[in-house]
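Here is a short note for a colleague who is opening this structure for the first time. Please read it with the model on screen.

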Amino acid sequence: MAYSETYRRFCELLDAREFGVAEAFAERESLARPDDEAFWLTQVAVARLRAGRGEAAAEAAERAVALAPANRFALIARADAGYAGGRFEDALTDYHEALDEPRLAARARRSVLQCLIRLERWEEILRQLDAWGMPENEAFEARAKALAALGRDAEALALCARWLAAAPDNPRALWLLADLEIRRDGIEAVAARVGRLARIPSRPGVYREIYASLCRRMGREAEAVAAYDRLAEAAEPRVQRKQAFALAKSGREAEAIPIFEQLLRDDPRDMYVHTAYTAACRRANCLPRAQEFYQDLLRQHPEAKGIYGRLRRVAAAMAATPAGEETDDTR
């Protein structure tokens, strides 16, 4: 099998979300092809990162960089793993170093900007954009966020207008615009405007999502839940996550708990959902359900070692609950 066909097969596995199989495939190739070991270790890192295994990805990428320090693709893999693990300074250094590879320059620039956003280095973002001479349409988000964070709201609002003219209904632009308009006009006025747009059936769901978020911020939980209920028809995990939090906060734990469970089946690493789920189960007096759920989740995801800690905390909470107090009315 030709080398290009081998790599094509690896990419097909990634596209099919067969990340474990792709990782094993790349590991075999790294052992079978000593001359290309760094390349295939880089692909091991890519597969692990796609599977959400950031630390394991970093380990493979470190090995690849050690074997081929000049390989910018390995460096990008290490940077991506660092970014995923919250090591933004380390990732920033690697992304900067990768800027000299023409095939990676555009990607590295975008990643440098994302690191600077996470580090909240707003002045540096503006200096970097000016130094690169980056076209405005490639840097809307970074520049607008920097201007907004620096209190240059008029410039940020004007930039958001140009951003939305170039990319109508862009979700990131709309979220930032809402925050800027709240600072200018107040949350009630912005909620009223967004609410009118959210009621137009032809408008994308992001308007309803922003409206629901504004309702939550104003303490109008019932309206927020109603908006999330309409959005949930799209079955997007991001929307379902917000819906579950809104339901739990409004005292509707019985409806929130099954949604939390589905979210955790899809992503057992989401610590915020874990925390909200166990708290909802405690309030709803159904900790035995949480214990049973976590035991089942551990069987499905034996690699997710953090579930053991969740089980211990649930067991401790059950032990601290007076006998006979637990009732499960959420099934």
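1. Two terms come first. Contact means that heavy atoms lie within 4.5 Å. Buried means under 20% relative accessible area, exposed means over 50%, and partly exposed is in between, with a 1.4 Å probe and protein chains only.

2. Ground rules. This is a predicted model, in which local features need pLDDT of at least 70 and side-chain atom pairs count only at pLDDT 80 or more, while totals for chains, interfaces and linings use all residues. Residues are numbered from 1 along each chain as its sequence is written, and side-chain values use heavy atoms, with hydrogens and water left out.

3. Confidence. pLDDT is the predictor's confidence in each residue, from 0 to 100. The chain has a mean pLDDT of 87. Of its residues, 94% reach 70 or more. Residues 323–331 fall below 50. Beyond near neighbours in sequence, that stretch has 20 contacts in the model.

4. A98. Helices are DSSP runs (H or I, at least four residues), numbered from the N terminus. A98 sits in helix α6. Its relative accessibility is 0%, so A98 counts as buried. Which residues does A98 touch, leaving aside neighbours within four places in sequence? They are R72, L75, I76, L104 and A108. A98 and N71 are 27 residues apart in sequence, yet their C-alpha atoms are 8.9 Å apart.

5. Helix α5. R72, L75 and I76, which A98 contacts, are among the buried residues of α5. Cover for the buried residues of α5 includes α3 (37–50), α4 (54–67), α6 (88–98) and α7 (105–118). The expected span is 1.5 Å times one less than the number of residues.

6. Helix α4. This helix has 14 residues. It reaches 20 Å from first C-alpha to last, close to the 20 Å expected. G54, A56, A57, A58, A60, A61, A64 and V65 are buried in α4. Their cover includes α3 and α5.

7. I182. This residue belongs to helix α11 (residues 171–185). I182 counts as buried, because its relative accessibility is 15%. Not counting residues up to four places away in sequence, I182 touches I187, V190, L214 and R217. I182 and L214 are 32 residues apart along the chain, with 9.8 Å between their C-alpha atoms.

8. Aromatic pairs. Rings of Phe, Tyr and Trp (its six-membered ring) pair if their centres lie within 6.5 Å; planes under 30 degrees apart count as stacked, over 60 as edge-to-face and the rest as tilted. The count comes to 12 aromatic pairs. Y277 and F293 form an edge-to-face pair, 5.2 Å centre to centre with 65 degrees between the planes. Y277 lies in helix α17 and F293 in helix α18, so the pair ties together parts that are 16 residues apart in sequence. Y277 and F293 are buried. Y277 also forms an edge-to-face pair with Y294, at 5.7 Å and 80 degrees. Y294 lies in helix α18, so this pair with Y277 of α17 ties together parts 17 residues apart in sequence. Y294 is buried too.

9. Ring pairs link Y7, F10, F25, F39 and W40 into a cluster. R203 lies over the face of Y207, at 5.2 Å from the ring centre. The rule for a charge over a ring is NZ of Lys or CZ of Arg within 6 Å of the ring centre and within 35 degrees of the ring normal.

10. Helix α19. This helix spans residues 306–319 and has 14 residues. I307, G309, R310, L311, V314 and A317 are buried in α19. What covers these buried residues includes α17 (271–283) and α18 (287–300).

11. Cysteines. A disulfide is a pair of cysteine sulfur atoms within 2.5 Å. How many disulfides does a search of the whole structure find? It finds zero. C286 is in no disulfide, and the nearest cysteine sulfur, that of C281, is 4.1 Å away. C286 is buried, with a relative accessible area of 0%. C11 is partly exposed, at 24%.

Conventions. Helices (H or I, at least four residues) and strands (E, at least two) are DSSP runs, numbered from the N terminus.
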